[in-house]
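Hi,

Here is the structure I promised to pass on. Have a look at it first, and then read on for what turned up.

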Amino acid sequence: MGRRTARSAAARRRQHTGTGPPTVGETAVDRHWAGNSRAAVYCAVAFSGLMMLLDWGSGGLTPPRAGLWAVLGAMVFAVLLPPRVTAGEGWLAVRGSVRERRVCTDALVALYSCGPVAQRLVLRDAYGGCVELTPRVLAANPLLWHLLDAGARRSRERGTLRSGTDVLRELAEQIDDETARAVLRASGLE
C-alpha cells in the first residue's frame with residue numbers, strides 16, 4: 001500500500017502544468033480541460049433537470065421517464081466532454097470518453113488538417129498510431145505545442161515526416177499570431 005501511494009505521488013510530481021518548458025520525464029496537460037469538463041457536467045445536469053421539471057409540470061413524470069431523462073443527460077455529457085490532451089517528450093496522447101490514443105511525435109509520418117468548419121488536426125506515426133485534436137488546444141497550451149513542434153522537428157530531421165510540413169508551418173504561424181495578439185491585449189497596446 002505504501003509503495004502504491006509513493007508511485008502515485010511521484011506521478012503527480014512529474015505532471016507539468018507550470019509555465020516553463022517541461023523537463024525530461026514530465027508531461028504537459030491541457031490547462032483548460034478541467035473547466036471544459038465541468039461545463040459539460042453542468043450542461044448535462046441542467047438538461048436533465050429541465051426536462052424532468054417540464055415533464056413533472058405537465059404531469060407525466062414517472063420513474064421510467066425520469067430514468068430516460070437521466071440517460072439522455074448522460075449522453076449529452078458524453079457528447080460535450082472534450083478529449084484530454086497530454087504530451088511528453090516524444091509522445092502525444094488524446095484521451096476520449098472511451099479510450100486513449102497515442103502517437104510518437106519523434107516518428108510522425110503524416111500530419112494533416114481536415115474539416116472546414118470544425119478544424120481537426122490528424123497526426124499519424126510510423127508505428128500505426130493516430131490521434132485527432134483541435135488546433136485550439138495547442139494554441140491555448142504553449143507547452144503542448146512546444147512538445148509537438150519539437151517532436152515534429154525530430155521527425156523531419158530523421159526523414160520520417162513526409163507529409164504535413166506545410167500544415168505544421170501554417171499552424172505555427174497561427175499560434176504565433178494568437179500569442180502576439182494576447183501579449184498586445186495584456187499590455188494594453190491593441
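Let me start with a contact between two side chains: Arg-120 and Glu-132 meet in a salt bridge, at 3.5 Å from N to O. Arg-120 sits in strand β7 (residues 120–125) and Glu-132 in strand β8, so this pair ties together parts that are 12 residues apart in sequence. Arg-120 is partly exposed at 24% relative accessibility, and Glu-132 is partly exposed too, at 39%. Do keep in mind that this is a predicted model.

Both residues also turn up in the lining of the second largest pocket, along with others including Pro-83, Cys-130 and Val-131. That pocket has a volume of about 190 Å³. Strand β8 gives the most to its lining, with 3 residues. By class, the lining divides into 4 nonpolar, 2 polar and 5 charged residues.

The largest pocket comes to about 240 Å³. Of its 13 lining residues, the closest to the centre are Asn-36, Pro-82, Thr-134, Arg-136 and Val-137. Helix α4 (residues 135–140) supplies the largest share of the lining, 3 residues.

Back to salt bridges: the whole structure has 5. One of them joins Asp-55 and Arg-65, with the closest N and O atoms 2.8 Å apart. Asp-55 belongs to helix α2 and Arg-65 to helix α3. Asp-55 is buried at 5% relative accessible area, while Arg-65 is partly exposed at 39%.

Another pairs Arg-153 with Asp-149, at 3.0 Å between the closest N and O atoms. These two are 4 residues apart in helix α5, so about one helical turn separates them.

Cheers

Conventions: Residues are numbered from 1 along each chain as its sequence is written. This is a predicted model: local features need pLDDT of at least 70, side-chain atom pairs count only at pLDDT 80 or more; totals for chains, interfaces and linings use all residues. Side-chain values use heavy atoms; hydrogens and water are left out. On a 1 Å grid over the protein atoms alone, a cavity is a set of points where a 1.4 Å probe fits but cannot get out, and a pocket is an open set with protein on both sides within 12 Å along at least five of seven lines; lining residues have an atom within 4 Å of a point. Grid points are joined across faces, edges and corners, and a volume is the space filled by probe spheres set on the points. Ala, Val, Leu, Ile, Met, Phe, Trp, Tyr, Cys and Pro count as nonpolar, Asp, Glu, Lys and Arg as charged, and the others, Gly among them, as polar. A salt bridge is a side-chain nitrogen of Lys or Arg within 4 Å of a carboxyl oxygen of Asp or Glu. Buried means under 20% relative accessible area, exposed over 50%, partly exposed in between (1.4 Å probe, protein chains only).
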